Amino acid sequence: MITSVDNPRVKDVVRLRSSRARRAAGLFIAEGPREVERALAAGLVPEALYVAPELLGWEGADRLEEVSAKVMAKMAYRAEPEGVLGVFRAPVHELPKELALVLLCVGIEKPGNLGAMARSASAAGADALVIAEGVVDPFNPNAIRASTGAVFTLPVVERSLEEVRALGIPLVAAVVGAVMPAWDADLGGPVAIVIGAEDEGLDERWRDAADVRISLPVLGAGVDSLNAANAAAVLLFEAVRQRSANA
């Protein structure tokens, strides 16, 4: 059992809290039994698996390394660790050749929002989640948790505006105040739904690049728009509704 927070392996895990360190190593941390089990079920390769018997009686995999509760607290990203933590090799995805439904996130800053978008995209049967001008790492522990593990299986790729244009799929941009409501747009064919950052939305370059601009009318007082992740979910399932109606 590892009991010292100064153990070199513990320090290696702590370094992975940094996005730069995760990207350089090609690794990420999954915390908690649900996240670890879903990573394993997705076929991801664990570099190490740690369990704190004082916190959790978990026997979900081979090659478990026992650690003390103090060490688990040191390694964990969350303030109250659930008792199991895995270090995994990050999957490298490519875009499918045929794209029917894509969620394109531009400049998203909050890990929880990005994770929630991945969860909605996966639930809606999207082919991929494309990140453009990304600020947040999709393998940030908070993004993983909010995605409920969707980032393990859904193709998540980074692309520039020029690369997105080259995909040849129509871009439908969510823009506050756009004249066309979402349900009047044709989302039944191949389409990339474009969502901007929570505070500023899409800049002029992305609005100009869009084939169609749509909005979600806000009917109540006191707000002017939806949370980015909520807007993405509504638009994805409007696309699902239209496809079901056309089937």
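Rings of Phe, Tyr and Trp (its six-membered ring) pair if their centres lie within 6.5 Å; planes under 30 degrees apart count as stacked, over 60 as edge-to-face and the rest as tilted. Please keep in mind that this is a predicted model, in which local features need pLDDT of at least 70 and side-chain atom pairs count only at pLDDT 80 or more, while totals for chains, interfaces and linings use all residues. Residues are numbered from 1 along each chain as its sequence is written, and side-chain values use heavy atoms, with hydrogens and water left out.

**View 1. Phe 28, Phe 88, Phe 139 and Phe 152 make up one aromatic cluster.** The ring rule gives a count of 3 aromatic pairs. One of them is Phe 28 with Phe 88, a stacked pair at 5.8 Å centre to centre and 20° between the planes. Phe 28 belongs to strand S1 (residues 27–31) and Phe 88 to strand S4 (residues 84–89), so this pair ties together parts that are 60 residues apart in sequence. Helices (H or I, at least four residues) and strands (E, at least two) are DSSP runs, numbered from the N terminus. Phe 28 is buried, at a relative accessible area of 0%, and Phe 88 also counts as buried at 0%. Here buried means under 20% relative accessible area, exposed over 50%, and partly exposed in between (1.4 Å probe, protein chains only).

**View 2. Helix H5 (residues 111–123) and helix H9 (residues 228–246) have axes that come within 9 Å and cross at roughly 10°.** Axes are lines fitted to C-alpha atoms, for helices over the stretch in contact, with angles from 0 to 180 degrees between N-to-C directions. H5 and H9 are therefore roughly parallel to each other; angles under 35 degrees get that label, over 145 roughly antiparallel, 65 to 115 roughly perpendicular and the rest oblique. On the H5 side, look for Asn 113, Ala 116, Met 117, Ser 120, Ala 121 and Ala 123, which meet Ala 228, Ala 229, Ala 232, Ala 233, Leu 236 and Phe 237 in H9. Contact means heavy atoms within 4.5 Å. The residues of this contact divide into 10 nonpolar, 2 polar and no charged. Ala, Val, Leu, Ile, Met, Phe, Trp, Tyr, Cys and Pro count as nonpolar, Asp, Glu, Lys and Arg as charged, and the others, Gly among them, as polar.

**View 3. Leu 104 sits in strand S5 (residues 101–106).** With 2% relative accessibility, Leu 104 counts as buried. Leaving aside residues up to four places away in sequence, Leu 104 touches Val 130, Ala 132, Val 164, Leu 171, Ile 193, Val 194, Ile 195 and Trp 206. For a sense of scale, the C-alpha atoms of Leu 104 and Ala 185 are separated by 17 Å, and these residues are 81 apart along the chain.

**View 4. Ser 215 is found in strand S11 (residues 212–215).** Its relative accessible area is 11%, so Ser 215 is buried. Beyond residues up to four places away in sequence, Ser 215 touches Val 175, Gly 177, Ala 178, Met 180, Pro 181 and Ala 182.

**View 5. Thr 148 has a positive phi of about 50° although it is not a glycine.** You can find Thr 148 in the loop between helix H6 (141–147) and strand S7 (156–158). Thr 148 counts as buried, at 13% relative accessibility.
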